Amino acid sequence: MLGKLSGWDDTIVALATPSGVGAIGVIRLSGPTAFSIVNELFPSKNLLQQSSHTLHVGFIKDGEIALDEVVVALFKGPKSYTGEDVVEISCHGSPFIQEQVINACVSRGARLAKPGEFTQRAFLHGKLDLVQAEAVADLIASNTEASRKAALHNIRGGFSVVLQGLRERMLTFSALIELELDFSQEDVEFADRTQFFNLINEAERTVQHLLQSFQLGNVIKNGVQVAIIGKPNAGKSTLLNTLLNENRAIVSDIAGTTRDTIEETLNINGILFRLIDTAGIREHTSDVIESIGVEKSLEKMRQADVVVYLFDANEMSADELGTLVKDFKEQSIEFLLVGNKADKSSEESLLSTYASIDPKIFISAKSGWNVDELKDKLVEMVLHGSVQTEGTVVTNARHQHALQQVASSLSDIHRGLDDKIPGDLLALDIRRCLHYLGEITGEISNEDRLDYIFSKFCIGK
Ligand code: GDP
């Protein structure tokens, strides 16, 4: 499938657990000399004579110096994560010890692994396809239940299985159509055009479905940007506190977040909501309705996937809100009007006062009344009715891009079949489509692209 990559035959080594102090740290080696390198450092037993998938307790010694008492796990290829001989050394969690053990491996011929190189090797040995390998990176980075589920689904095969199936069936047709070209004098048709047409239709539907799932995929993977705006005293900071008390998400690094802006995040039903400019809300600088025309609020709203407009339901007139709704719609801003302080009026009178505006919900930020319904409504808005987050979801921009190319080549084939174009032209379109399908799962790839994809992993994976 692929030419040999540079450094392919090396034995690689890296810390597989996060750097820093921990109870234990796992150092992983993979490659042809993994067993012999560790064996040299492990005098109490001959590891070369041990069976695969066994654990061994003993000292790692660099010459006469005992570095640490460790547990060594042996995995003989191809039954290992990478498909090669793999050794995992569980040592004590001091970074100093770990560094010394890694250095001892390096001085005996191992090379430090590049980011993602273990998973890259797993891919190259056919242990994972590219979608699965990328899902490993997504799983490591996932910080909500929904993103974890989507990543796990793809590791288990996910939509690459669907695409591989389509690709294989198209390959058969492609071969038959190319065969026809060899018999071009004789006007034969090996490839049943009706069957092929049905296959193309099915492929188009599948690809459209996957393309549509990307919006949801993006929500799952990157979260949703929400701006809470409203006049002073509407209750923005009260709402923020009520939401954060229950749902504050524990988030480490999110790609694209600048370190100097503090961002509060909420985890609602497994979806990550990222609140824009919460510092502004807390400092009461986030402005008033008149500021809809003011640059700062506008910018916040443009940045947001959803705008929560909070108003005091005892103060603000339906007319004033009506003007606002018009503005939101003109600017294609997705919004929800949230009438706060509902505890001060009856629900009936609120519903009649604000009958003309939509979408809306009434809450009491202070008592928490209806705040759960507000959360449900937000989730509903971002999922656009597709509540199902367990199925096949495209979360990766690279896949999205390739799927768009697949879709465009499928519509070329479709048109070609309608117009009964000659087999040689049809074959070209099919080849283009097969190429893009293969790019997603990695059946067609090149070294640069692979290096780029795997470079986004952390070291040791
Ligand atoms: P902000 O300026 O929009 O951030 O508004 P605050 O959150 O500071 O709230 C302004 C005032 O409204 C405070 O005195 C809150 O206690 C009060 N408030 C907020 N939410 C409610 C509510 O649901 N009901 C009632 N009765 N008062 C509320």
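Reader: Which residue stands opposite alanine 227 in β10?

Author: Strands are DSSP runs of E, at least two residues long, and helices are runs of H or I, at least four, numbered from the N terminus. Two strands pair if DSSP finds at least two bridges between them. Here valine 307 in β10 stands opposite alanine 227. Strands β7 (residues 224-229) and β10 (residues 306-312) pair in the parallel sense over four bridges. This is a predicted model, where local features need pLDDT of at least 70 and side-chain atom pairs 80 or more, while totals for chains, interfaces and linings use all residues. Residues are numbered from 1 along each chain as its sequence is written, and side-chain values use heavy atoms, with hydrogens and water left out.

Reader: In what order do the six strands of the open sheet run?

Author: The order is β8-β9-β7-β10-β11-β12, with mixed pairing. β8 (264-268) and β12 (360-362) are at the edges with a single partner strand each, so one side of each has no neighbour in the sheet.

Reader: Which residues are closest to the ligand?

Author: A residue is near a molecule if one of its heavy atoms lies within 4 Å of it. Of the 16 residues around the ligand, the closest are Asn233, Lys236, Ser237, Thr238 and Asp343. Helix α8 (residues 236-247) gives the largest share of this shell, three residues.

Reader: Which atom of asparagine 340 lies 3.2 Å from a nitrogen atom of the ligand?

Author: A polar contact is a pair of N or O atoms within 3.5 Å. For asparagine 340 the atom is a polar side-chain one. At glycine 235, a polar backbone atom is 2.9 Å from a ligand oxygen atom.

Technical notes: Polar contact = N/O pair within 3.5 Å; in protein donor to acceptor, adjacent residues only side chain to side chain.
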